[in-house]
Amino acid sequence: MTVDERELRELRASVREFLEDKSPEEAVRKLMESEPRFDVEVWAQAADQLRLPGLAIPEEYGGDGFGLVELGVVLEEMGRALFCAPFFATVLLAAQALLASGDKEACARHLPGIASGRTTATLAVAEDNGSWDPALITARALPDGDGGWRLSGRKCFVLDGTTADLVLVVARTVAGPALFAVEREATGVTAEPMETLDATRAMARLTLDAAPATLVGADGAGGRIMARVLDLASVGLAAEQTGGARRCLEMSTEHACTRHQFGRPIGSFQAVKHKCADMLVQVELAEAASREAARLAAEGSAQFPVAAAVAHAGCSKAYMFAAMENIQVHGGIGFTWEHPAHLYFRRAKSSQLLFGGPAIYHERLLDRLGI
């Protein structure tokens, strides 16, 4: 299902209005210091009023059947507002992993709850080294003799790992990396929050001690599933990054127009003009890369994996640049805890490192290009 430009503008306006009301700076700061790291009532409203969790889930599983273009609009607005919610982990990671697995039984079991917002989920891949490469997975899965599996190992940097109802874990079997579904409250599962630079994005460390699990998809298919999920999640993250970068540009231009020194707005000084102009170029290029990758995904283009890697690299760079320049434009106040500029810098840095950092995603781009 696709929508036209007018409908995309209406979707953006609806989501922005909702987030301006439910996720102002005061709410973000409050949630940064709370547990869980999101407002349960606001999450329920996002699901019931806007049907956001089910936006990109097929209709046969209770969703609305839209694609990455529509999802990108939502993520841009969420990045702009630093929305604290399990949306990225549930919709971009867990739901897309289930769909990529091709396991219709697992999809029918879990996706309707995700689409309705009643089930939150996450994907546990990275371990102590922070790598999302399935080849480096050390967590083990062994058959339990009754048709199920038992997982042992440790997963780190798991988004919303302390609150997710369902955890999809990549673990190694004799056949290779595979995907497993684990209930967070199951015996042998321990989740503890991780203290990271970006308090607006909750992360956890999961310890699995012979935790009961169910195989999702084919045994040994974890590498193929993760390749698809990383492509989709990279574009979703890119959209979120462009939303944050655009907000940094807006904050800088607003401050440059209202802050006066020597009897004139600081925006009239050439150095500040150049900073804002450079930010604009970076933001526009990032938006173009992110939206083009989403369009190629919707078309099922063979060029999508390359476009996804380009968007990930370009948008990570643009968001970091905009966040740093935003602090510079604001001067002394931009370095203080009271000003929101540092919140966007922290989100920019955590997003840059989320799937392994610049060296990894540049290598992924070369791989997608066949180099």
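Hi everyone, let me open with a pair: arginine 154 and aspartate 128 form a salt bridge, their closest N and O atoms lying 2.9 Å apart. By salt bridge I mean a side-chain nitrogen of Lys or Arg within 4 Å of a carboxyl oxygen of Asp or Glu. This pair links distant parts of the chain, 26 residues apart: arginine 154 sits in strand E3 (residues 149–159), and aspartate 128 in the loop between strand E1 (121–124) and strand E2 (140–143). Helices (H or I, at least four residues) and strands (E, at least two) are DSSP runs, numbered from the N terminus.

A word on the source: this is a predicted model, where local features need pLDDT of at least 70 and side-chain atom pairs count only at pLDDT 80 or more, while totals for chains, interfaces and linings use all residues. Residues are numbered from 1 along each chain as its sequence is written, and side-chain values use heavy atoms, with hydrogens and water left out.

Back to our pair: buried or exposed? Aspartate 128 is exposed, at 52% relative accessible area, and arginine 154 is partly exposed at 37%. The cut-offs are under 20% for buried, over 50% for exposed and partly exposed in between, with a 1.4 Å probe and protein chains only.

Now to glutamate 127, which is found in the loop between E1 and E2. Glutamate 127 is buried, with 7% relative accessible area. Its side chain makes polar contacts with the side chains of threonine 138 at 2.5 Å and lysine 155 at 3.1 Å. A polar contact here is a pair of N or O atoms within 3.5 Å; within protein, one must be able to donate a hydrogen and the other to accept it, and residues adjacent in sequence count only if both atoms are side-chain atoms.

Tryptophan 132 is buried at 4%, and so is phenylalanine 355 at 1%.

What about the nonpolar core? The largest one has 92 residues, and Phe88, Leu123, Leu151 and Leu168 have the most contacts inside it. Helix H5 (residues 87–101) gives the most to this core, with 11 residues. A core is a set of buried Ala, Val, Leu, Ile, Met, Phe, Trp, Tyr and Cys residues joined through side-chain atoms within 4.5 Å. Leaving aside neighbours within four places in sequence, leucine 168 is in contact (heavy atoms within 4.5 Å) with residues including Ala94, Leu98, Leu123 and Val216.

Next, helix H7 (residues 222–258): its 37 residues reach 53 Å from first C-alpha to last, close to the 54 Å expected at 1.5 Å a residue. That expected span is 1.5 Å times one less than the number of residues. H7 is mostly covered, with 27 of its 37 residues buried.

To finish, how many salt bridges does the whole structure hold? The search finds 27. Arg12, Arg16, Glu76, Glu77 and Arg291 are linked in a network of them.
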